[in-house]
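Have the sequence and the coordinates at hand, and try each task before reading its solution.

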Amino acid sequence: MKATLVGSIPPGESEWLHELKYDGFRALAAVSGGSCMVWSLNGLDLGPRFPGVVAALAKVEGPAVLDGEIVAIDEEGVPRFQLLQRSEAADTIFYVFDLLWDRGEDLRGAPLEERRKRLEKLIGRRKSGKVRLAEQGIGNARRELERAAAAGYEGLILKRKGSTYENRRSKSWLKLKAINAQELAIVGYTPATNSDREIGALLLGYYEDGALKFAGKVGTGFSVKQRADLMRELRSHPQIPQPKGAPRVRDASWVEPSLVAQVRFTEWTSDGKLRHPAFLGFRPDKSPAEVVRERQKAGATKKAPSNEKKKSATVDGRGATATAKKTPAARKKTSPAPKDRPAPLVKLSSPDRLLYPRDGITKQDVADYYQAVREPMIRALAGRPLALEHWNDGIDKPSWFHQNIGKEAAPWMTLVETPTRTSKRSVRHFVADSPAALQWLAQFSVLTTHMWSSRAENLESPDWLIFDLDPAKGKGIEQAIEAALVFRKLLDHLGLPSVPKTSGKRGIHVLVPLMPGYSHEEAVEFACHLSEGVATQVPDFTVERTISRRKGRLYLDCLQNGYGKTIVAPYSLRASDGAPVSAPLDWSEVTRKLDPSKFNLRTMPDRLAKKGDLFRPAIERGVQLPRLR
């Protein structure tokens, strides 16, 4: 029985039971007389790959047929599909959620509740060992979905009470995703920019009405070894013509589909491509021919809009609600989160540690803030290499700058190798693409996050053009406001859209969203051409890089468009009193009355609820640049 994908919780919630959705291999297990066979849905014998699971299932009193999921869990007990790519490990588990046959009796026609009751009697409600009962939600489904998202689970399965077991995709089982992920056929590859022995990205597809459709490419989530192994593997596959409807991809090799990849992504674009995909692993239990695009069932309610006010939070390392040592009134003003905190993937140690001493803002408050703004922040950060500023002992003590992820790497993390242009080495950057990633930032007291303008799938092509307006020493934001208005007028004259945001301090960033295909060099050339022209007309502005030569003039930093250059991410905190935030703006707010301190940890969640994600146009409506004479 397969679940139907929907976009929201259906009406009449009391008619449904809900279970956590496990990210693994779906399997049927037949046990009898101390032996066991386990098959994937496409008939693949999973026994040789997971002997520990088979041995544990063989101890179940049979004969019985069980439906469940083989998963590999991380150190926090959360299923991670990436870990299944390894050989049999001690943390591989079979979560059982249905009983089809029990000691001579076919239960497929029995109501769901009866099957579950008999399943619990057969295997017990064990929460340890290799065979475990799938966890059912005990609260309302919306709260369970938030909990699943915060903990890093894929989502929920909703099952209609009283329903029977059907050998097909059914509306009696509904799939509600907290994280978008699905399998896709590998239809080609492009080489890495710094080595022809490694793949740079996989080209992906799916079948629709018997025709192969292009779904985009994925260039992040691979280890160095996987990149090399894939290049050797895919070079041996028969080549095929470019799939119909696929765009021309530079250096692309198209191959006959024989492998299936599991991919996480933020959403499907309007033209049917994946947005911000990340590779999770291979699906040997799936054949390319059965890969289709998962679509929400027609008529299903859409997800809540991004500007809907939401609340979320985290828990401390003991799993109990963390409460800072301050007055109840101060706690209420500081934290945007409710009291009942969903369980996190990353444990938050020392939640009461003061990071902003004069504001009484703790590590817990920072974690709550990141979860409150997680949707727009992840949308902006997904796929982007990051540079991080840690303030372990608060803003009054020295910070440290962090780019290359080393021993602190965890299996669940998305990392991307970025080749340097000054040497043959590369840097392994962290990518914040999940609520767990934001929780990790809070755990390690990362207050300021700097992001690339390009994403891992195409490091050479920026998503935007940026004008970084940096006031002179001793000047306030009013100097940046004047420059921002000049650039807005110029960009409007050129027919280019623009998105302003505060830097979180005195500066302002003005971004122009770019259509795919531009290089960093082209972005630098265009931005510097405009900046130099403005500087010749406005005496208070300069493109002079040497601080001593600026002489009180605002610096137009057009070189921030270069490869590997970063800007402060939208919604990122800054290490200053008041916990200010780099805030996307509406142009109507860019006036002499603009006060960047009003956008801070306490105010930003409510601002998002009222105004929505003002940064979104910077990453979704790219344009072509005009030719400059």
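The model is predicted, so local features need pLDDT of at least 70 and side-chain atom pairs pLDDT 80 or more, while totals for chains, interfaces and linings use all residues. Residues are numbered from 1 along each chain as its sequence is written, and side-chain values use heavy atoms, without hydrogens and water.

**Exercise 1.** Describe the protein chain as a whole.

*Solution.* Start with the elements: the protein chain has 12 helices and 31 strands (DSSP runs, H or I of at least four residues for helices, E of at least two for strands). Next, burial: of its 629 residues, 57% are buried (under 20% relative accessible area with a 1.4 Å probe, protein chains only). Finally, the protein chain exposes about 27900 Å², 49% of it from carbon and sulfur atoms (Shrake-Rupley method, 1.4 Å probe).

**Exercise 2.** Find the strand order of the sheet that contains β1, and its edges.

*Solution.* The order is β1-β10-β9-β2, an open sheet of 4 strands with mixed pairing (two strands pair if DSSP finds at least two bridges between them). At the edges are β1 (2-6) and β2 (16-21), each pairing on one side only. Now look at β1 and β10 (residues 169-177): their pairing is parallel, over 5 bridges. Here L5 stands opposite K175 in β10.

**Exercise 3.** Which strands does helix α2 lie across?

*Solution.* Locate α2 at residues 112-123; this helix lies across β2, β9 (155-160) and β10. Then compare directions: α2 runs at about 50° to β2 (axes are lines fitted to C-alpha atoms, for helices over the stretch in contact, with angles from 0 to 180 degrees between N-to-C directions; contact means heavy atoms within 4.5 Å).

Note on methods
Buried means under 20% relative accessible area, exposed over 50%, partly exposed in between (1.4 Å probe, protein chains only).
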